Amino acid sequence: MAASAARTAVALRTNIRRPVAFVRKIPWTAASIFSSYTGELREHFSQFGHVRKCTVPFDKETGFHRGMGWIQFSSEEELHNALQQENHVIDGVKLHVQVQKPKALQGDQTSDEERGF
Amino acid sequence: MAALLRPARWLLRAGAAAHLPLSLRLLAGGPSRPHAAFCPHAARAGRVAGELLSQARLYAIAAEKKNYLQEEATSSHRRNTSQFDWALMRLDNSVRRTGRIPKTLLQKVFDNTCHSGSQGGNQALLLLRSCGSLLPELKLSERTEFAHRIWDKLQKLGTVYDVSHYNALLKVYLQNEYKFSPTDFLEKMEKANIQPNRVTYQRLIAAYCNMGDIEGASKILGFMKTKDLPVTEAVFSALVTGHARAGDMENAENILTVMKEAGIEPGPDTYLALLNAYAEKGDIDHVKQTLEKVEKSDLYLMDRDILQIIFSFSKAGYPQYVSEILEKITYERRYIPDTMNLILLLVTEKLEDTALQILLACPISREDSLSDFGSFFLRHCVTMNTPAEKLKDYCKKLKEAQMHTSPFQFTLHCALLAKNMDLAKALMKALKEEGFPIRTHYFWPLLVGHQKEKNVQGIVEVLKEMHEIGVTPDQETYINYVFPCFDSVKSVRAILQENGCLHEDSIFSQAELRIEAVNGNLDYILSFLESNTLPFSFASLRGSLILGFRRSMNINLWSKITELLYKDGRYCQEPPGPTEAVGYFLYNLIDSMSDSEVQAKEERLRQYFHQLMEMNVKIPENIYRGIRNLLDSCHVPELIKDVNMLVEREKTDSRKTAQPTSSDLESKLEKLKTENQPIGDVLKQLILMLCSEENMHKALELKAKYESDMVIGGYASLINLCCRHDNAEEALNLKREFDRLDSSAVLDTSKYVRLVKVLGKHGKLQDAINILKEMKEKDVLIKDATVLSFFHILNGAALRGETETVKQLHEAIVTLGLAKPSTALSSPLVTLYLEKDDLPTALEVTIDCYKKYKILPRIHDVLCKLIEKGETDLIQKAMDFVSQEQGEMTMLYDLFFAFLQTGNYKEAKKIIETPGIRARPTRLQWFCDRCIASNQVETLEKLVELTQKLFECDRDQLYYSLLKLYKVNGDWQRADAVWNKMQEENIIPRGRTLRLLAEILRNSNQEVPFDVPELWYEDEKHSLTSSPSPVEVSLQKELLNACHRKKDKDAFNIFLKAKKQNVVFNSETYAGLINLLLTKDNPTQAVQVKDFAETHIKGFTLNDAANSRLIIAQVRRDYLKAVHLEVG
């Protein structure tokens, strides 16, 4: 019972602010790292610093990605460098690059749920 | 002279210009002409767009005004209006931007209208009007079919058509060159008791004229005459077309003279009719002459008119004249959408070459090298199956013209979306020739297509194609797109080998390994890694291995695999080396788990870390710090020391030579001290380092030694260290020293919270409260995470049974306003007594919380315990309180859930069958989610079972939750049983339910026994199958009419009458009536209708809107009868 009480208070992980760029309008021809090759996105963003992580999720229902992805740099400075550059072009397509906003902290979720109404 | 000219002349003599009393007798004498070849007449496509919108806007305003006037203007009206506005806006935007409406958008708006529960005439009009030239991507016949579908469906749903709808339908017929009998059409209108108006006649004349049937047109003119209707320019323009199509150009020309004589100046429309007529004949000379004539007059042809002429030429087979006419176009910006519309229409008509010609002539600004124009053309070419050779040529030309930067890639995208393998193949070859790389993921959409159908042969073909073009499938290709097509991973290898498309064995093996890892098959992983001889990257396996670890609970295997990866020369040997790789692995493993998962697996993780330590596995210090932060945020800091054992210290020191070790710093400190130099900085650095090494003893020693040189930062870090080591005494001392140093200094929120936790834990309540007060005074930032930490502090104390700690800290937190009282935050107050099995006090505290804060923490758990112990009196007390404060329904649900939770299903059943109880979706969902979170399969199954007859229960939603739980457990058998149960219950599953079910089945390699819907639309499944009798039809019509006129009493009486005669209408009729009754605030009658419908139509359901309105109405009327309950 105590465990269930603990469970109801949905634990949340403090969002450690990481230097992440959110990229939109990625052309379908480009992709992130796979086992076989580095990926255009990582290559492009490597010019601004060390890319720790580069994710472009694919939709397994369609076989295409959804045109957006996340680039995690090693430092804020590198992220800043990337954001400073006005145009990011991959395969002739201009990307939209912005800072990833920290996820909204969802705290005390259960306060109202417990009672339903 | 043609038949129509004669009466016209006659009329002129009579001197009547506006009203033309034509005699039927005269008209009848006209010769009948053979139908001319059927030629296009894409009735001024562009103009329609504007017309549609301006009219629709008028309707919107009209609808709003009507609302305003109606006294009982209810939300439903407003909803309709806003719904209509929404639809209008979507369509409007589309036409503005692109000159057209995509079919999918129209379908969406249509479905939405059907769903909305009440379909107004204006929505119907808007939809019908959109089915003509605004759909250039559809073949003419498909457009008309679409219009008919809309017409029939809306009629069935109770939309009452007026003459505007019939006219709109006529316009669509004209635009789509649909062949129909105008007389039949008139008859149809007559049957519906709709009076044709001038526009109707005009359009019917145009219909005859488009077929070159002058005689027919004359007949209609006759009708018009009997009605004394004026003949307008539109009629004359139609006659121009009519004569021309009848092959009589001379008379077509003559119409213009007749018009002038009748006092009507030929306008652009008439000239356009003439121009189109010449264009259809390929008569460029006359076209040019006429154009000159127009130019000389003060008339003005717009670009969209010129485009029309171009279409006529090309459709009639004279593309050679297109360029000459193109020169006349001024390319005003606002006509770009019209041009796009024409280009698409040409492609639909298989006149792609002309379409390209027009496209290339578009003056698109080429300054911004990154903007593309022409995608719409390429996409539509792919849809219309334009041959690959042609498309390649188009791409080349668009690129040369710098109109499109990547036409090949774009077209390939379209081809892949359309799963057109041959076209995709051709385009990829072309791309390769152009020097572009062909990437592995280009083939994925093709594989997806085959994978969905489990088409092994198709998969094999794509793989062969990849090989041919020189692309090697990577692991992702195998894992995500190839394996799911096969029943077992093992069979894949055999089949691929058999077909000669297994070229890179090592990639395949690794993919195989990853899928086994994901499935938690750790034995396989271990034996593979032991016997493997291939080069292999640990990083690529990391993600799958983490999933596998979390699925398997065999810690020995976890450790063995980790050890192997760490120590074996085949793995992790490249830089950055095994320490780093395993460190990251551990970090990611913990990071991938939820807080509660980490908490639940705390012991297992500890065991794992200890085994790793015994195996002498090391991780770098920086990664350790990351893991430490993770564990901290998961609220299991107790694991930190266990991970700390794995830190590789010596190596850190030797590698990072730039960073001095603690002993370096210490000697430096001594040196500075002896030299009498300031030591503050070095001291702080050293303290921080010792803190990160968790060396409390040494750090405190150092502090004592150099107390006078301590700074704020050093203290903060020391305080935190002592808290971590559970040393309340020292932490408090340090805090005091900290305050003495600078009373205004503020600690981080997390450090304050830690202090509170440690002080509370060691019974230093007043000190803890003082810290809380300080937080308030210094206005420390309280985040959601802070509130959560408060909860954990209180909860921890409650579990240890520290009553005073919980009470006082809670009181302080709430009174100080550091956090608002919530069910979660206050639950430890109750937990205290639940843990001690002191149920009366637990209940009292809960009730007390309600009195103080209007919350009822842990009432569910309290009830469960009361039931378990059979505390009848207390249950009664709880129930009395809840029903008094929150209503009986809430109380019933509380009791229901408690009985379910405690396995008292019989009692639960009794509760949920209480008369008058109805579904409360949020509460049901809350319980479902709870069951899913704690994996209570039986409880959830019982919930679903017992609520089967619950009033207004969203069965699909409950089954969806059940499926979610089955998915977690991978239990496809039970999921499959759900599919059957839903059919038994006559539930129509939503699309997402079917998709989830399909996913579960597919994950277990089971066949999916139904079409997985992309989107689910409510369709005519409810309507009656047998054809209704005339009595039924007339009664139903009466009822619909009454509903339409909002005569609720009449409508209800008709319903009663029909009921007496045992006449059953279709479900839409009942839905409409219920809607009306609800609008008129008549829920009792609405329920009566609903009950009848439910007992007479299988699977009758109200839509969501009506349902919620019914509930609202009933709640308002306090429909709920008091329910007496005995428990025990």
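1. Buried means under 20% relative accessible area, exposed means over 50%, and partly exposed lies in between (1.4 Å probe, protein chains only). Contact means heavy atoms within 4.5 Å. Helices (H or I, at least four residues) and strands (E, at least two) are DSSP runs, numbered from the N terminus.

2. A word on conventions. Residues are numbered from 1 along each chain as its sequence is written, while chains are lettered from A and ligands numbered from 1 in the order in which they are written. The model is predicted, with local features needing pLDDT of at least 70, side-chain atom pairs counting only at pLDDT 80 or more, and totals for chains, interfaces and linings using all residues; side-chain values use heavy atoms, leaving out hydrogens and water.

3. Back to α51(B). How many of its 14 residues are buried? Twelve are, so the helix is mostly covered. They are B:Met889, B:Thr890, B:Met891, B:Leu892, B:Tyr893, B:Asp894, B:Leu895, B:Phe896, B:Phe897, B:Ala898, B:Phe899 and B:Leu900. An α-helix has 3.6 residues a turn, so residues three or four places apart point the same way.

4. After the helix comes B:Gly903, with a positive phi near 80 degrees.

5. Now chain B as a whole. It has 62 helices and zero strands. Of its 1128 residues, 55% are buried. Take the contacts in chain B with a separation of 6 or more: 69% of them are between residues 24 or more positions apart.

6. One helix pair in chain B deserves a look. The axes of α47 (residues 823-835) and α48 (residues 839-853) come within 7 Å and cross at roughly 165 degrees. That makes α47(B) roughly antiparallel to α48(B). Axes are lines fitted to C-alpha atoms, for helices over the stretch in contact, and angles run from 0 to 180 degrees between N-to-C directions. Angles under 35 degrees count as roughly parallel, over 145 as roughly antiparallel, 65 to 115 as roughly perpendicular and the rest as oblique.

7. Which way does this pair cross, left-handed or right-handed? The crossing of α47(B) and α48(B) is right-handed. In a right-handed crossing the near helix is turned clockwise from the far one by less than a right angle; anticlockwise is left-handed. Residues of α47(B) that meet α48(B) include B:Leu829, B:Val830 and B:Tyr833.

8. B:Ala1051 is in helix α59 (residues 1048-1060) of chain B. Its relative accessibility is 0%, so B:Ala1051 counts as buried. Leaving out residues up to four places away in sequence, B:Ala1051 touches B:Leu1039, B:Ala1042, B:Cys1043, B:Leu1073 and B:Leu1076. B:Leu1039 is twelve residues away in sequence and 5.2 Å away in space, C-alpha to C-alpha.

9. Two loop residues of chain B have a positive phi without being glycine. B:Asp228, with phi near 65 degrees, is in the loop between α11 (214-226) and α12 (233-245). At 51% relative accessibility, B:Asp228 counts as exposed. B:Lys419, with phi about 55 degrees, is in the loop between α22 (407-417) and α23 (421-433). B:Lys419 is partly exposed, at 37% relative accessible area.

10. Turn to chain A. An open sheet of four strands has the order β2-β3-β1-β6, with antiparallel pairing. The edge strands are β2 (51-55) and β6 (96-99); each has a single partner strand, so one side of each lacks a neighbour in the sheet. The twist averages 20 degrees from one strand to the next. Two strands pair if DSSP finds at least two bridges between them.

11. Look at the pairings of β3(A). Four bridges join β1 (residues 20-24) to β3 (residues 69-73) of chain A. A:Val23 has A:Gly69 as its bridge partner, and A:Val20 has A:Gln72. Helix α3 (residues 76-84) of chain A packs on the sheet, touching β1, β3 and β6, and its direction makes about 145 degrees with that of β6(A). Four bridges also join β2(A) to β3(A). There, A:Cys54 stands opposite A:Ile71. Four of the five residues of β3(A) are buried.
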